[in-house]
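Student: Could you walk me through this model, beginning with the fold and then moving on to whatever sits around the ligand?

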Amino acid sequence: MNEIVLDRVFETGNFRTRLFGTAETRQSSTFYGYTLTLIAIGLGWLLRGYELIDPKDGLGYWLGIIGGSMMLILILYPLRKRIRALRFLGRTAHWFQIHIVLGVLGPVLVLYHSNFSLGSFNSQVALYCMLAVAVSGVIGKYLYAHIHNGLYGGKASLKDLRDNLAESLENSHGLATLLPRFTSKLEALAAEAQGCSITGKLSMRVSLSWSLRKYAIWISLSRAAHRELQAHAVASPAVARDFDKLKKATSTYIRNFVQLTTRVAQFTLFERLSSLWHVLHMPLFLMMVISALLHVLAVHMY
Ligand code: HEM
Ligand code: HEM
């Protein structure tokens, strides 16, 4: 029986990979990208005293032009997304990738262009606006990832996530046989995370409170499963023999389950935050465009 139980529980690993991608694909490029960016900024900051770069001249001037142009090109992403006539430019997902790379690289080159100094008032305004848009972009990406299937996938719907949760519970039949009390706890939590069964909505209050309770839920589920498994191990030599394997499989299932229920429960919260972010991001972006144009005009006029 234990083999069957384990097979079924381990199946959830594939399910998780299908839903979230592997940890490596999700995190490696982002992690290395941000690390390299921070190193580049740190290095430029440390070297600023040597005045190797002059914004008025040569490399420094060109870095301003190249960085500024990158920020112009990245606008093709929202344009491609909104304007059907621009379909010839290729997939939106690719443009989103380009948007993020240029959105980080462009500001870094402009920081080098300014040699990490603020200069005149118009330069300062352009710099602060640019930094605000780039930081806002990073925050937007974090919110975006919560309501999309992976960063470059389509928008997830609450219904899809709920279906995935139902599938996950079904895959846990092995656990249901072995740990019935623990499984009923899982089912109660899944029902809570799914919100109102009639309206299909989850209130902001529940969404928010789930975010705060996520780790407490994780710990309490792990404890409940461990206790029940230990009780079985005392009664059954077969369970006692496979205790470690079963414990590991149960922990894996709990981790996947908590991640999935959290995604379902937080969907409302992140959808709201994401629409709020869009409202704030656009004016910041427009301010950046205007201030950068004024900066370019000013530095050539005076
Ligand atoms: C968003 C884009 C840009 C930002 C945020 C920005 C920012 C800055 C900053 C902070 C400085 C002051 C550096 C200092 O005085 O030490 C500066 C200087 C300068 N920038 Fe930019 N820049 C941008 C784009 C450009 C572009 C595209 C050009 C050229 C076409 C340009 C040309 C210059 C020049 C000539 C100076 C020297 C001004 C002076 O010393 O009087 N900048 N920039
Ligand atoms: C100075 C650099 C940047 C500029 C000028 C810029 C500009 C924009 C603009 C105009 C939009 C469209 C907003 C809308 O549709 O309401 C946008 C969306 C977005 N940007 Fe950026 N961005 C920059 C940097 C970044 C960075 C560094 C990231 C991530 C690391 C990023 C992530 C995003 C995300 C996630 C969206 C929303 C995508 C969507 O809902 O389809 N941006 N950005």
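This is a predicted model: local features need pLDDT of at least 70, side-chain atom pairs count only at pLDDT 80 or more; totals for chains, interfaces and linings use all residues.

Student: What pattern does the protein follow along the sequence?

Tutor: Reading along the sequence gives α-α-α-α-α-α-α-α-α-α-α-α.

Student: What share of the residues counts as buried?

Tutor: Of the 302 residues in the protein, 38% are classed as buried.

Student: Switching to ligand 2, how many residues surround it, and which are the closest?

Tutor: Ligand 2 is surrounded by 25 residues, and the closest are Tyr77, Lys81, Arg82, His99 and His278.

Student: What distances do you get from ligand 2 to the side chain of Lys81 and to that of Arg82?

Tutor: For Lys81, an N or O atom of the side chain is 2.3 Å from an oxygen atom of ligand 2, while for Arg82 the corresponding distance from a side-chain N or O atom to an oxygen atom of ligand 2 is 2.8 Å. His278 also has a polar side-chain atom 2.9 Å from an oxygen atom of ligand 2.

Student: Which elements give two or more residues to that shell?

Tutor: Those elements are α4 (76–82), α5 (92–113), α6 (121–147) and α12 (243–301), and α6 gives the most to the shell around ligand 2, with 7 residues.

Student: How do the shell residues divide into nonpolar, polar and charged?

Tutor: The shell around ligand 2 has 16 nonpolar, 6 polar and 3 charged residues.

Student: New topic: what is the phi of Asn115, and where does Asn115 lie?

Tutor: Asn115 has a positive phi of about 55 degrees although it is not a glycine, and Asn115 is found in the loop between α5 and α6. As background, most residues other than glycine have a negative phi.

Student: Is Asn115 buried or exposed?

Tutor: Asn115 counts as buried because its relative accessible area is 10%, which is under the 20% cut-off.

Student: And what about Phe116, in terms of phi?

Tutor: Phe116, also not a glycine, has a positive phi of about 55 degrees, and Phe116 is placed in the loop between α5 and α6. With a relative accessibility of 15%, Phe116 is counted as buried.

Note on methods: Residues are numbered from 1 along each chain as its sequence is written. Chains are lettered from A and ligands numbered from 1 in the order in which they are written. Side-chain values use heavy atoms; hydrogens and water are left out. Helices (H or I, at least four residues) and strands (E, at least two) are DSSP runs, numbered from the N terminus. Buried means under 20% relative accessible area, exposed over 50%, partly exposed in between (1.4 Å probe, protein chains only). A residue is near a molecule or strand if one of its heavy atoms lies within 4 Å of it. A polar contact is a pair of N or O atoms within 3.5 Å; within protein, one must be able to donate a hydrogen and the other to accept it, and residues adjacent in sequence count only if both atoms are side-chain atoms. Ala, Val, Leu, Ile, Met, Phe, Trp, Tyr, Cys and Pro count as nonpolar, Asp, Glu, Lys and Arg as charged, and the others, Gly among them, as polar.
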